[in-house]
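Please look through the sequence and model shown here, with attention to salt bridges, nonpolar cores and pockets. The briefing that follows takes these topics in turn.

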Amino acid sequence: MNTYKLIGPFKQVLPMTGLPLNGALKDEQLNFLEGKVGILLQGETIAKTGDFDTLLNEAKIIGAEVVELDGDFVALPGFIDSHTHICSSGSRARDYAFRNSGKTYLEMAELGGGIWYTVTQTRNASQKELEAGIAERSSRHLYEGVTTIETKSGYGLTVDEELKMLRAIQAVNKKHAVDLVATCLAAHMHPKDFKGSKTEYLELISSKLFPILKQENLANRIDIFVESGAFSPQEAKPYLEKAKAMGFSITIHADQFSTGGSQLAVEVGAVSADHLEASTDKEVEILAKSNTIATALPGATLGLGCAYTPARKLLNAGACLAIASDWNPGSAPMGDLLMQAAVLGAVEKLSNAEVLAGITVRAAAALELTDRGTLAEGALADLAIFPCNNYQEILYQQGKLKPAMVYKRGQKV
Ligand SMILES: [Zn+2]
């Protein structure tokens, strides 16, 4: 369908265009349109933005549908959550209570909690049940303005169980309005029921699972948890090099509790290094000098009650900073991207431009997507429309102000 649709008038439209991908941003760099602004859509994409009355005349000539808004509205590109684990089963509310009562990670594991609990629950779920969970969380995200969601496997930890997760993600992507970007995180941890070393496990995954990912077009991205207790940089490197040689893009769970992951990410040319709560000035420098995008996950900080990613330092050093939710049942159960991004901005002293770029155009770059994250001509018509008269209200209300309307690929959801 290539029909035209004019939406407006908006008080402000923030196209998030013309911003550098790297480094600090000032709000003065946001070249937004103001007053009485219209957005003309053509099918799934943005045709143009500009003065509403001018576009209204044009709309009459070309026979466009007109969606006239009554009230104060600000339009932004739909948000992009570049790191989630929304394909999972089971609640870890008991873990959360234990952790906040002072129990250690080891004590929780002994009580049957931790990541292995989610693995067990996810293995026990059917593909259909996983699909229902993904669809429910995707809908919630979509209504909160998140129009593209990266989703990882990683709670299956066998070839067949990882395939079940990735097939569930693919099935939901086909039928749900939201766009899902799948990532294979079979290297989330060394499964405790695997009879063999970590290297043997990674060898099994890369030789048996990777080819099927290609055959079934299940995922183009490979992720690994580089951490003491998960996989060391030495164990991870050959696995990632093999993935790269097969044409996969790389992303790494890096520097969450200890360093090493971000340096490896840069070495192997990863698209992004995510977490970085433990990154020191040395890692900040390494990332800033690279093309690897730094992704902050404030939801995990809030869930675990630990340090925030040094976002200010990363931006000042010249890194590209994306902000994602890490939505998962263990460490980040909230799954409210806007709220978390707003809190990170307040703690780390980030400008509105830096926070908003982190969940739009810079998050798109973290997923290597060039067709979204801005309202440029030709970009996907993914819109988050907020009921306010100034964009500053959005982060000021710290995520409590939700979109009044969301458009995904030109369709209102
Ligand atoms: Zn994660």
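**Salt bridges, cores and pockets**

E203 counts as partly exposed, at 44% relative accessibility. This is a predicted model, and the side chain of E203 meets that of K242 in a salt bridge, at 3.7 Å from N to O. Because E203 lies in helix 7 (residues 198–215) and K242 in helix 8 (residues 233–245), the pair ties together parts that are 39 residues apart in sequence. K242 is likewise partly exposed, with a relative accessibility of 30%.

**Other salt bridges**

- The structure holds 24 salt bridges, one of which joins the side chains of D53 and K36 at 3.2 Å, N to O.
- That pair links distant parts of the chain, with D53 in helix 1 (residues 52–62) and K36 in strand 2 (residues 33–42), 17 residues apart; D53 is partly exposed at 34% relative accessibility, and K36 is partly exposed with a relative accessible area of 41%.
- R409 forms a salt bridge with D179, in which the closest N and O atoms are 3.1 Å apart; since R409 lies in the loop between strand 15 (405–408) and strand 16 (411–412) while D179 lies in strand 8, the pair ties together parts that are 230 residues apart in sequence.
- R409 is partly exposed, with a relative accessible area of 25%, whereas D179 counts as buried at 12% relative accessibility.
- A network of salt bridges links E44, D179, D371, R372, D382, K408 and R409.

**Nonpolar cores**

- The largest nonpolar core has 96 residues, of which I222, I224, Y239, L240 and I252 touch the most other members.
- A second, separate core of 18 residues includes L69, L375, L383 and Y407.
- Leaving aside neighbours within four places in sequence, I252 is in contact with residues including D223, I224, V226, L240, L264 and V268.

- The lining of the largest pocket divides into eleven nonpolar, 14 polar and eight charged residues.
- The second largest pocket holds about 370 Å³ of space and is lined by 20 residues, of which N173, L180, V181, A182 and N220 lie nearest its centre.
- Helix 6 (159–175) and strand 8 (179–187) are the elements that give two or more residues to the lining of the second largest pocket, and helix 6 gives the most, with five residues.

Definitions and conventions. Residues are numbered from 1 along each chain as its sequence is written. This is a predicted model: local features need pLDDT of at least 70, side-chain atom pairs count only at pLDDT 80 or more; totals for chains, interfaces and linings use all residues. Side-chain values use heavy atoms; hydrogens and water are left out. A nonpolar core is a set of buried Ala, Val, Leu, Ile, Met, Phe, Trp, Tyr and Cys residues joined through side-chain atoms within 4.5 Å. Buried means under 20% relative accessible area, exposed over 50%, partly exposed in between (1.4 Å probe, protein chains only). Contact means heavy atoms within 4.5 Å. Ala, Val, Leu, Ile, Met, Phe, Trp, Tyr, Cys and Pro count as nonpolar, Asp, Glu, Lys and Arg as charged, and the others, Gly among them, as polar. On a 1 Å grid over the protein atoms alone, a cavity is a set of points where a 1.4 Å probe fits but cannot get out, and a pocket is an open set with protein on both sides within 12 Å along at least five of seven lines; lining residues have an atom within 4 Å of a point. Grid points are joined across faces, edges and corners, and a volume is the space filled by probe spheres set on the points. Helices (H or I, at least four residues) and strands (E, at least two) are DSSP runs, numbered from the N terminus. A salt bridge is a side-chain nitrogen of Lys or Arg within 4 Å of a carboxyl oxygen of Asp or Glu.
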